[in-house]
Each structure stands twice: as C-alpha cells, then as structure tokens.
Amino acid sequence: MKLSDRITNITGGGSDGWDVFYKARRMIAAGEPVVELTIGEHDIGTSTAILDAMDRAAKGGHTGYAMVPGTDALRQTVADRIQTRTGVPTTSDNILITAGGQAALFAAHVAVCNPDTKAAYIDPYYATYPGTIRGAGAVPQPIITSPEAAFQPTLDDLMAGTAGAVSLLVNTPNNPTGVVYGAETLDAIAQTCIANDLWLISDEVYDTQVWEGAHISPRSLPDMAERTLVVGSMSKSHAMTGSRIGWVCGPQDAIAKMVNLATHTTYGVPGYIQDAATFALGQGDAVEAEVAAPFRRRRDLTMQALAGQNVVRAVPAQGAMYVMLDIRATGMDGEGFANALLDAERIAVMPGESFGDAAAGHIRVAMTIDDAAYVDALARLIAFAREKA
Ligand SMILES: Cc1ncc(COP(=O)(O)O)c(C=O)c1O
C-alpha cells in the first residue's frame with residue numbers, strides 16, 4: 001500500500017552522515033570499546049530527587065489523563081521562570097506543555113506554516129529540523145552560515161534566506177556549533193522577522209548552558225513577543241531527556257490553537273512527569289547550574305587540549321554540550337575524518353555534514369563522558385588529525 005508523500009518525505013534519503021553513528025553503535029553492540037562522543041545526552045541520569053517526585057506523583061494517583069495544555073501548576077511555573085528570566089510578561093495561557101522540545105518544534109511549525117509554505121532555518125542545524133518542517137507539511141529553506149563568521153547569520157544572510165518564507169527557526173545556544181548569538185545577531189533576527197512579517201521559532205533548549213556572555217531570548221526584543229514561539233525543554237537543563245517534557249511559549253491565541261493540535265495528537269503529557277518537572281523547576285537555578293557544570297568544565301579542557309597546534313581548531317564554543325572542530329587542515333571532509341577516526345582510534349564523533357552543508361569539514365564532539373576519558377579521547381583525536389595533516 002502506498003504511504004502519504006508527507007510521511008515518506010520526512011527524511012531525505014541517501015547518506016546523511018549518520019552512517020558513522022550507526023557504525024559506532026554496531027561496534028559497541030559487538031563488544032568493541034568505542035568512545036562515544038556523538039549524542040547530546042548527559043553522563044549523569046535524572047536526579048534521585050526528581051525521580052522521587054515522579055514516584056510520589058504516580059503513586060499518589062496522577063496516572064490518569066492529565067490536562068491537555070499542561071497542569072495549571074507546571075504552566076504557571078514555566079511562565080514564571082520565563083518572565084523572571086526575560087522580563088516579558090508571561091502567564092500560563094502563554095504556555096503549552098509538550099512531549100519534549102521536539103514535539104514543541106513540530107507543533108510550532110504546524111501552527112504557523114500552511115502546506116507547501118517555506119520555513120527557514122539556520123544551517124548548520126539540529127539534525128531533526130528539516131524533517132520536522134517537512135513533517136508539518138512545509139518546505140525547509142536553509143540559510144547557510146559560514147565558519148568564518150563563527151556560524152552566526154548576518155542581516156544579509158537572513159534577509160536573503162527568508163525570502164518567501166513564513167517562519168524562521170533559530171537556536172541559541174546552538175547545537176551543533178556551541179555558538180551563542182550575540183546582540184548584533186539577535187537584532188538582525190528581529191529586524192528580519194519584522195521586515196518580512198515572519199514568525200520566529202526560537203529553540204532555547206540549551207538556555208541554561210552558556211559559558212560566555214548571556215542567553216538572550218529573542219522574544220524579549222521590542223515587538224517580538226507577538227510573533228515569537230519559544231521552544232523549551234527539561235531534557236538538557238535537568239537531565240530529563242527520557243521524560244519527554246518541554247513547552248512552547250507564545251501569544252495566547254496561538255497557544256490556544258496549539259492546544260487543539262495536542263488534543264488531536266498526543267493528548268497531553270503524563271501527569272506524574274509534569275509533577276516531577278514542576279518539582280524540578282522549583283529546585284531553582286543552582287540545580288540547573290550543577291547539571292550544566294560538567295560541560296562548562298569540559299569546554300575549558302577542550303581549549304587547553306587544542307592549545308599549541310593549528311590542525312584542529314574549535315569554533316568559539318560559548319554554550320551547549322558540544323564543541324565543533326574544524327578539521328579542514330587535514331584535507332579530509334568531516335565524514336571521511338569521522339569514519340577514519342572510528343576505524344583507527346575507536347572514537348565516535350559526528351561529521352559536520354550531518355548538520356548541513358555549512359558544517360562540511362568539521363566534526364561535532366559531544367562533551368558527554370567523564371573528564372579523564374574525555375581528555376584522553378581529545379588527545380588521541382588531535383594526534384590522529386596531526387598525523388593526517
Ligand atoms: C537544538 C535542539 N532542539 C531540540 C532538541 C529536542 O530535545 P527534547 O525533545 O529532548 O526536548 C534537541 C535535542 O538534542 C536539540 O539539540
């Protein structure tokens with residue numbers, strides 16, 4: 001039986017750079033000692049305190065259908081957190097609780113894109129972006145940025161790249177580059193959205209992981225709140241990746257319509273997970289800083305490891321749990337380098353090409369193993385690159 005064009009076309013087909021990842025997984029399954037620096041997942045699990053809260057909520061009976069938009073308590077907690085951090089007046093009616101940031105990204109695109117309209121996004125990009133846009137029935141339109149500009153889009157890039165689009169998706173702190181957008185970039189984003197009458201979809205799932213500068217939510221810029229949908233998540237801030245809990249924050253009328261989407265798709269998020277999230281957010285900033293701390297530390301260890309050589313260079317890593325390394329001096333592309341590194345050193349990294357054309361000749365390293373093993377893997381990676389150069 002024939003499947004719909006929409007579901008068939010979610011992924012583009014062909015090699016998308018994930019071959020290295022699957023190869024590494026097969027090697028691990030076969031018992032080979034591979035150092036995994038591929039996926040954005042903490043080396044700590046969800047804290048016992050949060051799991052206890054989840055257990056209390058479930059055993060206390062919160063296992064039936066929960067409120068589809070989210071529980072009143074969690075929506076209010078998220079709204080307060082956003083208002084405190086950004087200064088933008090925010091109420092629970094501005095918040096829809098979703099099954100992680102991924103479901104929020106999908107809901108946001110369904111909310112603003114008609115079939116076959118163009119939805120712009122910045123390249124390099126988080127791997128699901130084009131498929132999410134296609135899944136929502138829209139057409140992905142990448143805006144290519146350059147390593148020379150530290151992968152920050154310029155006003156010209158944005159103006160040209162959003163021609164004919166209805167939305168622009170941005171992500172700061174950024175996966176895969178680790179770049180945090182500064183005031184100039186954010187201004188250019190706001191200017192473009194206002195001039196071209198675009199919705200901004202602002203993916204802020206790494207908002208607690210900033211090593212240099214500060215996280216600025218573009219929703220807080222003048223005249224942006226009415227056209228911005230912010231995507232948030234507990235995955236990265238509280239090491240709750242498997243709990244699948246996040247949110248969209250946006251104008252009340254848009255959120256009300258997205259509640260209809262949730263009613264007809266997920267029918268909400270489990271109540272005991274929402275209660276655990278409410279508990280986790282109530283623990284305050286110190287807990288979030290504690291979850292983020294290993295990545296800050298490993299970012300510094302990365303800079304130390306790279307000092308004194310020029311073959312492997314880091315894109316300025318100001319946030320998130322990754323560092324993007326420029327390996328073009330080896331004469332290899334990212335995919336070739338990642339494959340050769342896996343074969344020779346049993347170290348798995350992601351080729352830049354899996355995150356779009358702009359990141360060709362780079363590799364993304366997830367800083368997600370303990371410090372000593374991480375430093376050792378980096379030293380071997382650098383030695384390998386120097387040998388190839
Ligand atoms: C940039 C970005 N956005 C969204 C997500 C989705 O995260 P989740 O669905 O776990 O909240 C991720 C996950 O890695 C990500 O890196």
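## Two buried tyrosines

Both tyrosine 206 and tyrosine 322 are buried, a class defined by a relative accessible area under 20%, with exposed meaning over 50% and partly exposed the range in between (1.4 Å probe, protein chains only). The model is a predicted one, in which local features need pLDDT of at least 70 and side-chain atom pairs count only at pLDDT 80 or more, while totals for chains, interfaces and linings use all residues. Residues are numbered from 1 along each chain as its sequence is written, and side-chain values use heavy atoms, with hydrogens and water left out.

## Aromatic pairs

The structure contains six aromatic pairs; rings of Phe, Tyr and Trp (its six-membered ring) pair if their centres lie within 6.5 Å, and planes under 30 degrees apart count as stacked, over 60 as edge-to-face and the rest as tilted. One of the pairs is the edge-to-face arrangement of tyrosine 121 and tyrosine 125, with 5.2 Å centre to centre and 80° between the planes. Tyrosine 121 is buried at a relative accessible area of 5%, and tyrosine 125 is buried at 13%.

Tyrosine 206 and tyrosine 322 also form an edge-to-face pair, at 5.7 Å centre to centre and 80° between the planes. This pair links distant parts of the chain, 116 residues apart: tyrosine 206 belongs to the loop between strand E6 (199-203) and strand E7 (228-233), and tyrosine 322 to strand E10 (residues 322-326).

## Charged side chains

Glutamate 36 is located in strand E1 (residues 35-36) and counts as buried because its relative accessibility is 18%. Its side chain makes a polar contact of 2.8 Å with that of arginine 25; such a contact is a pair of N or O atoms within 3.5 Å, where within protein one must be able to donate a hydrogen and the other to accept it, and residues adjacent in sequence count only if both atoms are side-chain atoms. Leaving aside residues up to four places away in sequence, glutamate 36 touches Arg25, Ile28, Ala348, Thr368 and Ile369, a contact being heavy atoms within 4.5 Å.

Arginine 56 lies over the face of phenylalanine 279, 5.8 Å from the ring centre; the criterion is NZ of Lys or CZ of Arg within 6 Å of the ring centre and within 35 degrees of the ring normal.

## The chain as a whole

The chain has 13 helices and 13 strands, taken as DSSP runs (H or I, at least four residues; E, at least two) numbered from the N terminus. Buried residues account for 54% of its 389 residues. Among contacts between residues at least 6 apart in sequence, 74% join residues at least 24 apart.
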